[in-house]
Amino acid sequence: MRRVSAGIRRPTTWLAVAVLAVLVVLVALPLQGLVAATLRPDAIGSWTDVLASPLSANLFWEPLRNSLVVGLATGLIASLLGAFLAWVVVMSDVPGRRVIGVLATIPFALPSFAIALAWESVFRNERLGGNPGVLASLGIAVPDILSWGMVPITLTLVAHYYSLSFVVVAAALSNVGGDLLAAAELTGASRMRIAGRIALPVVAPAILSGFLLAFAEGVSNFAVPALLGLPVRFQTLSTRLYGSISTGDTERGYVLSILLVVIAALVLWVGNRFTAGKSFATITGKSSRPRRANTGPWKWVLFALSVALVTATTIVPGIVLAVSTVLRRTNSFEAGLTLHYWIGESDPSIAQGMRGVLRDPIALDALVSTVALGFAVALGATLVGLVGAYVVGRLKRARVVGGSISLLSYVPFLIPGIAFGAAFIAQFGAPIGPLPSLYGTFAILVIAGIAASLPFAFQTSRSALGQVSGDLEEAAVIAGAGTARRLRRIVFPLASRGIVSGGILVFVTMVRDLSLVVLLVTPATPLLSVMTYRYASEGFTQSANAITLVIAIVSVAATLLARRLQGAGQPWSNA
Amino acid sequence: MFRRPMPTRLRSALVVAAAFPLLVGLAACAPAAEAEDAVDYSALSHDELVELATEEGEVSVYAFTSRIATVEEAFEAEYPGIDVVATDISSTELITRLASEHAAGSATADVAYVSDAPVVVTELLADGVLEAYLPPRMEDVLPAEYQTPLVANRLSTKVLMYNEEAYPDGSPVSNLWELTEAEWAGKVVLVDPNVRGDYLDLVTEMSLRADDMAAAYEEHFGTPIELADGVEDAGLQFVSDLYANDAVLVDDTDTVNAAIGALGQSAPPVGFTSYSDRRDNEDEGWALQVASGVAPSPGIVFPAMLGLTANAENPAAARLLIDFMMGDDTETGGAGFEPFYVAGDYPTRTDVVAPEDALPLEELAAWIIDAEASAERRDAVADFLLTIQ
């Protein structure tokens, strides 16, 4: 057996070197630039400002507490809801589960501010003035705790990010063979007990991946805490970080983001301890169809819960977003509806003569290059994430290498887009030796996009690969298959559900993310996300939301298409 | 990263420092080469500048406003041989991008149209990323304060505004200090100055105008102001009292507008926002009006500035674009200024008549910020704000 493991290990070492090299260029160097910028003589004081000065309480410690509570609560609740829905869709006999499964992937494709806006349109109270939400206008007094701060921020983020958990766990659950469950049934265990004691534990790595992604997204999200937190002076690390950078105190912002990386590293380490040393292989080569639990009379309760969840997080925010694009006045029904913001000719009396977004000459170009960018980044990030996850899984003893790959693949969310962008300009802005400068090309957007979306690709791949039993590979080694062949013919196909899910998440973030590309984009490569910024910055909310809706539709279409291409093996088709 | 972005930045500074004497020496040895490189653009006639610019054929501009697209169309109509490549990004990102590109020695814009004047002073001008260009014809029509540190083509505002539907008899506030009293508790809305630079500029100006703030205090309360422990001046005391009076902080200007401006409110809040947003009243269902006459001042006026990048690739076309955006000699500034000719914003040129439907700048009586003084003070103000949350 030793020869067999060596046969797997040696080429894996080379893969590890390659992945590490990529991660150093894409993540470690920008991170090192961030650290270096805070260590200059005129910037080093930022560390004491943040950590030990009269400012620290409001600049760091209080926001840190808020970020941790919001991030952990978001991670936990999102994992719980995501796993629950995944079980309903993949393993139960609840009616309408296919539709529920499609709807549950959509919240992530909606911008988080749309969900926050949906919350506001219901729960906004008198604190701010302006137009009150539905409840307040019905004369119901809404306490501040429901309108602003911790509770609405956390719930909004959960509504946005539970679909991450859903996607990852659903992919993993559909790989849990019926034999495992059948074996449990033979012992006389009840069906609900099987679900709780067997199905859920074997997808623990997927749940952990979903949690880690939701946590990192939760602590780095700026739009939601800014919208719902500031009115009651609820500050998080992300609002402090963003504020420092945008008011010109960049080093302080960088110190905050480095501290955020450290905290995330701790969370990652603790999280990995939970699954360390255990095997979660459920794909063993002995094929068996998944079985569905018969939920009996609970069926309709589960149905009602699931429908309520997807309605609140997908349908309502989707409608709020769609309606906001046809309101003559921003967020108000009083002046009626219009399609002007979509298809109208320039009319000086409306929105300062801004024409409808579909008449914008660059709209189509932007659509094409956005999809191309999303696709290229999804391919690249998936490849890097997959190889990285494979290496980490197979080189269990090389803790330092594995730990470095895991960490570098996890933190890109936490590096502010503006700092990432600046780092890429520094690295690729000038020609490197004989190579021409990549700056201003499509390639640099793709490279930056890959760096930023690695966490999705890596975490989903890790969870998917964790299910593929090492026995299969060892058998292939004995049969004389080389590394490339094993990966191509055995590992990747078996883990494909999870891998494709990761690719979709990457695509979705890429088509709507602005913060990173905005520093690198040129007029030659128009992007939809840049168009939304352009409209929003001049206060043309309807036009900005119209483009946002286009982005969401593109994301959903891509998701459905990927599922279709994946064929009949999809978790929600084998009804 | 604004201040000293990358390790390379220091290095390039050293290289420049080392190379400079060498370059000067070389230049002295080779007068012919120098004559070819160093065109004295200010000495050129307009037609000569156009000729050189047309030879270059292109000019790239980074702008903090999407209205640059309209400028692009107008410029290309006026000078058909020159292609404008316009990129619009937020001021913060624009500043970072310029500084990073400068440090990396990569392709960059020729012209920057940028707000956030105090940050521009410390991050871009101090490091030589941007240079000033004053079109010669502006010398007589532009007041000195708008000629430096960079030429400014218009002024925007952050001033106290109220809902004129709910308060038809004019501003419900006549002295800023009223906002610190119980009547306005929880009813003053502004963007968090720790989140947006223009609001930090507003608070910084209050600190710089501490004497005016102190006088207004005495006028309102009848007694001289007494500063609390750790509060340096009357301006900061005002903000401290305002925060203590439960001022509502939000994340952007449109949120302020909707909160104070929305029609149908019985007792709406007041707040600090852009005077020019009043033009959206009808469109958005707002009743925004400026609290003019409030003592000591309703707020600030700040410049949008135009600069050349160091070693601009298209130096003539860059200057021509700046010249164009300063407007022509008609009363409204013509096509180059048209997108910025908006009630509530103010042209800097003395010979361009400010749009009707807004108070003249003198009557508005807002403080005009001094970018350099502001740059020196604003970090301390930002720190102070962090202690009074």
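Helix axes are taken here as lines fitted to C-alpha atoms over the stretch in contact, and angles run from 0 to 180 degrees between N-to-C directions. The structure is a predicted model, in which local features need pLDDT of at least 70 and side-chain atom pairs count only at pLDDT 80 or more, while totals for chains, interfaces and linings use all residues. Residues are numbered from 1 along each chain as its sequence is written, and chains are lettered from A and ligands numbered from 1 in the order in which they are written.

In chain A, helix 8 (residues 150-173) packs with helix 11 (residues 204-220) at an angle of about 155 degrees, the axes being 8 Å apart; helices are DSSP runs of H or I with at least four residues, strands are E runs of at least two, and both are numbered from the N terminus. Helix 8 of chain A is therefore roughly antiparallel to helix 11 of chain A, a term applied to angles over 145 degrees. Residues of helix 8 of chain A in the contact include A:Leu157, A:Tyr161 and A:Leu164, and those of helix 11 of chain A include A:Phe211, A:Leu213 and A:Glu217, contact requiring C-beta atoms, placed from the backbone, within 7 Å. By class, the contact of helix 8 with helix 11 of chain A has eleven nonpolar, four polar and one charged residues, where Ala, Val, Leu, Ile, Met, Phe, Trp, Tyr, Cys and Pro count as nonpolar, Asp, Glu, Lys and Arg as charged, and the others, Gly among them, as polar.

On the scale of domains, chain A is divided into domain 1 (1-43 + 364-526) and domain 2 (53-320), with bounds from an automatic or database domain assignment. The C-alpha centres of these two domains of chain A lie 24 Å apart, and their contact takes 35 residues from domain 1 and 37 residues from domain 2. On the side of domain 1 of chain A that touches domain 2, helix 20 of chain A gives the largest share, seven residues.

Chain B contains backbone features of two kinds. The peptide bond from B:Thr148 to B:Pro149 is cis, with omega near -5 degrees, and B:Pro149 is found in the loop between strand 4 (130-131) and strand 5 (151-163) of chain B. B:Asp116, although not a glycine, has a positive phi of about 55 degrees; this residue is buried, with 27 other C-beta atoms within 10 Å, the cut-off for buried being 20 or more such atoms, with C-beta atoms placed from the backbone.

Terms used: Angles under 35 degrees count as roughly parallel, over 145 as roughly antiparallel, 65 to 115 as roughly perpendicular and the rest as oblique. Two residues are in contact if their C-beta atoms, placed from the backbone, lie within 7 Å. A residue is buried if 20 or more other C-beta atoms lie within 10 Å of its own, exposed if 12 or fewer, and partly exposed in between; C-beta atoms are placed from the backbone.
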